[in-house]
Amino acid sequence: MLGLERLLKELQHRQLEEQTRRHFLLECVSKMGGLALAPLLFSCESNPKIPATQQVALSQRTLNPLSPQPPPHLPKAKSIIYLHMAGSPSQLELFDFKPELVKYDGKACPESLLEGRKFAFIRGVPNLLGPQSSFRQHGESGAWVSDYLPHFSKVVDEVAFLKAVHTDQFNHGPAQLFMHTGSPRLGRPSLGSWVTYGLGTENQNLPGFVVLTSGGKTPDAGKSVWGSGFLPSVYQGVQCRSKGDPVLYLQDPKGISRDLKQNIISAINDVNKLEYEQYGDPETLARINQYEMAYRMQIEVPEVMNINDEPAYIHELYGTKPGEEAFANNCLLARKLVEKGVRFVQLFDWGWDSHGTDHSTAIDLGFRNKCNEIDRPIAALLMDLKQRGMLEDTLVVWGGEFGRTPMQENREGKTMGYKGRDHHVEAFTMWMAGGGIKNGSSFGETDELGFGAVSGKVSVHDIHATILQLMGFNHEQFTYDFQGRPFRLTDVEGHIIQEILA
Amino acid sequence: MFPKGLPVFITLAFLFLVGLIIWLWPEDRVNFSTEVKPILNKHCISCHGGVKKNGGFSVLFEEEALAPTESGIPAIIPGSPNQSNLIKRLHETDPELRMPYQKPPLSEQEIEILRKWIKQGAKWGDHWAYEKVAKPEVPNRPQWKEGIKASTLDAFVLEKLEENGLQSSAPESKGRLLRRLSLDITGLPPSEGLAKEWKTGQVDLDQVVDTLLSDKAFGEKWASWWLDLARYADTKGYERDVSRTMWPYRDWVIDALNADMPFDQFTIEQLAGDLLPQPSDTQLKATAFHRNTMNNDEGGTQDEEFRVAAVLDRVNTTFEVWQSTTMACVQCHSHPYDPIRHEEYFQAAAFFNNSRDEDTHDEEPKLRMYEATDLAEIETIKNWVKDFGKKEDVRFYGDFLRFQEPKYHAHLCEDFDKAELIDTKWLGLWPGGSTYLRNVYTGSSDLLLLNYWADVDGTKMSIREDGPDGRVLSQFVINKTNGRVTRAIPFLPVDGKVDLFISAENPRAKAQQNTSAIVWFAFVPSLPGKDKPGHAGMQEKFISLLNQKPLSLPIMGENPSFMQRETRVFERGNWLLLGEKVEPKTPAALNPWQEKWPRNRLGLAYWLTDKENPLTARTVVNRVWQQLFGRGLVNTLEDMGTQSDTPSHQELLDYLAWQLMYEYDWSLKKLIREIVLSNTYRQSSQITPAILAADPENRWYARGPRIRLSAEQIRDQALASTGLLSRKMYGPPVMPEQPEGVWQTVYNGESWTTSEGEDRYRRAVYTLLKRTSPYPSFISFDAGSREVCLSKRIVTNTPLQALVTLNDPVYIDAAREIAKKMHTLSEKPQEAIASMYGSMMLEEIPPAKLQALTKLYEQALENYRQKPEMAIELISQSEQKNKNTLAAYVVVANALLNLDEFLTKP
């Protein structure tokens, strides 16, 4: 579509010719939907040596708010795959090996630990519950991993563990919001939308921030965990689905063929070009661009979301379940999406809330099955990224919204039929791998019961600060103005966890 | 000697005089608000004010700025710029000392302003928006253009256009102007009749505007604006996000806007309708404004935490909606930029901290909207009380039937022994179990009203005073119920407050089985006139009405004296770290409080709508202006404080705020009328390269507004253009078609069931809004999820939007209807297309556009001739006649619905 390119060039040329740099920037700002990018641009502005090419890139952003942007400083990773186990898995059965807890199994929890603390369901004095899995050390790093994760045990040397993460929210909804938006209340942008807002995305035919869910349900806090909050809605996560349209409204209506769709879009854009010539609104140019992207997206999204063409050994590696909504499929999709230039891939797997109220939530039964579902795919994802040379610049993050108690749950003071653990905020395990991460490391320790941190305690804000750092942002300077004040993902907190950085 | 010295003397005298004149000559006064404060805010305040006071220096408040810093001396010495460290440090060469620290230095011009200001005495001034609205002088600009009279509004705009070397544009063409007016006022395209009358000159502009303003569609359109501010949604939010009945409030807003309820009354009823004397049901409905806060049902959550969250949200929302003020900052510390102190936040919160709602699962208090027959029964009960009881009892019993307050919720129980709070909501006593409900005021009632359900028979309940050995106040048996019941149980009257010990016995129940689930306790004396015949029947009627399940709407209600909560400052914003006690008070920097106002929400509403309040009228004018022009006169719609954007037309804003209060008695319709009748609004929206270069944001209004339509307008317009749109008003939210599997919320059995018949095609304002999963096509077009107050939707332009209007079945349905119409318009496709375009865009189609669309028609027709089965699929009917033509028209209609000009306000 040469006509469009000509128009774009013409617009850029005119802008460059007619305006001083400052006016030029301000104009770009104004057209990107209000003052959307003002904070970023002002940080550019303080650097007078901004290269001319970048100025053109900025005007590209006028036409496409998702066009790629360089971060303020050199990044270590260019994309993120975030694996969230919604409901929160037990660190005590997976990574945080506590031999002492075995001894105390069935004994009453020391009251000193309970004093002044609130739990979601535990009442009175519960008993301690020993680890239900057996642990061994693995890899050169000698990381302790339980027999619930035999495949993952083989890739521990790629991973940096954080064993003393804490949060201040002990209910799923608020804790998930906190983990993804830095605030337990609704209304803030998610990590993925911050990153996409700051960096745009490499592939304009795919959404920049993709969300994949498995486990039959979306996370407790709903779509707000990938919402854009007060950022422009273009930066929110786009849920790609394995059933129905992979992206909502992606499919052409019945009775309209691809060729005809192309004719429709050409006609729309021809009329829009005439409209632009008559009324001169740059938004019209942007719309022309968006319609072309929509057309290309209709081709590329179904292609990338189709895993059938992957070779058999890849299917075996991941343990995929074609045609189903499975975590394994989503891991493979995550690799494919990042390979195609998607900036942020967010996976949610539902079903980790192991309270022990029934078989499926028993820590020694249902929980073990859940571990089986993720073990092979996660190991495969790390190996596959590595063999393709993608692990260097892809950051992989794994975790829940909080941890589980070393005590056995006694819901509302009752004895329960199955072994379960309540929500725990004091200390739990997360891990990161890939771009910029010191692999084979571990930071933070919990006490002998696995209750609280004794060293290396890190907060949710610290994790956000670290992730932003790896993506090339100083979390204290990455702000957005809303309701009359600048907002940060990390609010007024956050320290970079240097100990796990390479 | 003498003569010799004379010249010296004269010279000296001359010099003295010159000096005197220079000294006395009025140097240009520096304006603190517009010149100094912006510099301080931009360069200084992030380190010296509010949260941070580096070096012990802050420029937030006057007394702070002039106080000694850590160095022992003040940084600002009024009258002596050269002695003032503030100025010295700006000139430093040592980068460790030079301010702003590690940032680019101030310009000479900026330093000069500060120097002058200190020299002139470093007088603090008020921010312009904190000064009372005064009527500004109207610039003398009688002519808008040759032969066109300028309105008062235009005169202000002209003045700024001249200052910026710009010229206004020609008037917009008739058709486009009508489309603009109609979309702005009603959110819909104009009716065919009105379009015709306008085209033929049967009606003039005033008549068109009045017709549109009196259309009921006006309230529906402007409700979307207000509901964004009110954070209205049809679900509770958070994890379970189940449905709630809020729509009667939405209907209240539509009605109030249509009735042009004065904005002061609109404010008072929403903030404090319940505190008005003898509030009507309609006034109670209005108070649901502040019950739009989210409610957390997740198991394990503490109701008190989320009650507090709702209270704080009410503070933040009230100040954002009416005062364009960011209160959320002040929750944790004094405002970093605006003169509002930390404790003032909690003083404001104290107005909201005594409402009855407690984040309970049922969201009480709720207005029970009884059927007519029940309302008649209520009247008989009230008459009975009037005849046999005290006057104030009439209201007490009437109110208890209306919203069942005051009552004690089960979550207030404590010290559970063999008992639990089921799902952290309801009291469950196991056999032999007990709990305490403390500090209860029974008003010497002889009846306990208990709301509960039970799955087992024969539970013996006891309620004792103080503890297990206390006096028995009530003993009764709970049997299985069919769902929830409210039961009246005899209760021994006690004076004053009492601790209740509640226990249950049931040998047949299992050890850890809940014998019942108790929701709430209330103490309501039996009706007066016990000795009168018919009393028992009347009492029964009373209880039976309480057991009705009428449609109920969450409303605000105030705590009675015995349930008052104290309000304390939260240290660092943490609700568990309580500081000093505070009383309800408004920020000192704003208008004074009048002692005649009650110190409650009602008083707060009076304070907000007092003509002395500097921000309310300016705020509403700014937002109405933004709805029409896409940009506020103060661009930061959410904030008019000292960090806000400098107003483009401050006098115009003040003029309209003045008009609104003093001329229009707070009528929004009159305000809108004045704006849309101005020449400024009626300009052509064509953007010439020169205008674009000079004023890309259209800040000076050298052209008319050209803005993408809102999510609601896009859908409503598409449906209206086809005749599919249902004009049915009000009622429960509807569920138009949405892709399968969009709803997947946990622990929530609800599902999206597509509405039937005309409900599929209602106006967008009636679409069900689920906070955790809003209607997807609206979200694509930048509508919010209404979790918090939203002053401004950011307009984006994305491929996902294109996918919606290209492929969403709603738009395909619309295209089919348009195709049918086109088919009847003319035998000749070219004429049919031109005619349809004309009726959608209200202007003639330019030949080149017609050519492009005709080409598409031909391509489509050729396509369907080759594949007729696809034509049938597209037109979705088995009718064989004309199927190819019809299908080709659907394709053209699909394109029409996607044209930039159709999605944009002309």
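**Exercise 1. At what angle do the axes of helix H29 (residues 847-866) and helix H31 (residues 883-897) of chain B cross, and within what distance do they come?**

Solution. Start with the conventions. This is a predicted model: local features need pLDDT of at least 70, side-chain atom pairs count only at pLDDT 80 or more, and totals for chains, interfaces and linings use all residues. Residues are numbered from 1 along each chain as its sequence is written, with chains lettered from A and ligands numbered from 1 in the order in which they are written.

Step 1. Helices (H or I, at least four residues) and strands (E, at least two) are DSSP runs, numbered from the N terminus.

Step 2. Axes are lines fitted to C-alpha atoms, for helices over the stretch in contact; angles run from 0 to 180 degrees between N-to-C directions. The two axes come within 8 Å and cross at roughly 140 degrees.

Step 3. Angles under 35 degrees count as roughly parallel, over 145 as roughly antiparallel, 65 to 115 as roughly perpendicular and the rest as oblique. H29(B) and H31(B) are therefore oblique to each other.

Step 4. Residues are in contact if their C-beta atoms, placed from the backbone, lie within 7 Å. On H29(B), the contacting residues include B:Leu853, B:Leu856 and B:Tyr857. On H31(B), they include B:Ala887, B:Ala888 and B:Val891.

Step 5. Sort by class. Ala, Val, Leu, Ile, Met, Phe, Trp, Tyr, Cys and Pro count as nonpolar, Asp, Glu, Lys and Arg as charged, and the others, Gly among them, as polar. The contact has eleven nonpolar, two polar and one charged residues.

**Exercise 2. How many residues of chain A are in contact with chain B, and how many of chain B with chain A?**

Solution. Step 1. The count is 73 residues of chain A against 86 residues of chain B.

Step 2. Find the largest share on the chain A side: H9(A) supplies it, with eleven residues.

Step 3. By class, this side has 26 nonpolar, 26 polar and 21 charged residues.

**Exercise 3. Why is helix H14 (residues 460-470) of chain A largely enclosed?**

Solution. Step 1. A residue is buried if 20 or more other C-beta atoms lie within 10 Å of its own, exposed if 12 or fewer, and partly exposed in between.

Step 2. Eleven of the eleven residues of H14(A) are buried, so the rest of the structure largely encloses this helix.

Step 3. Look at the cover. Strand E4 (159-166), helix H8 (191-199) and strand E8 (394-399) of chain A are among the elements over the buried residues.

Step 4. A:Gly472 follows H14(A), with a positive phi near 100 degrees.

Methods: Two residues are in contact if their C-beta atoms, placed from the backbone, lie within 7 Å.
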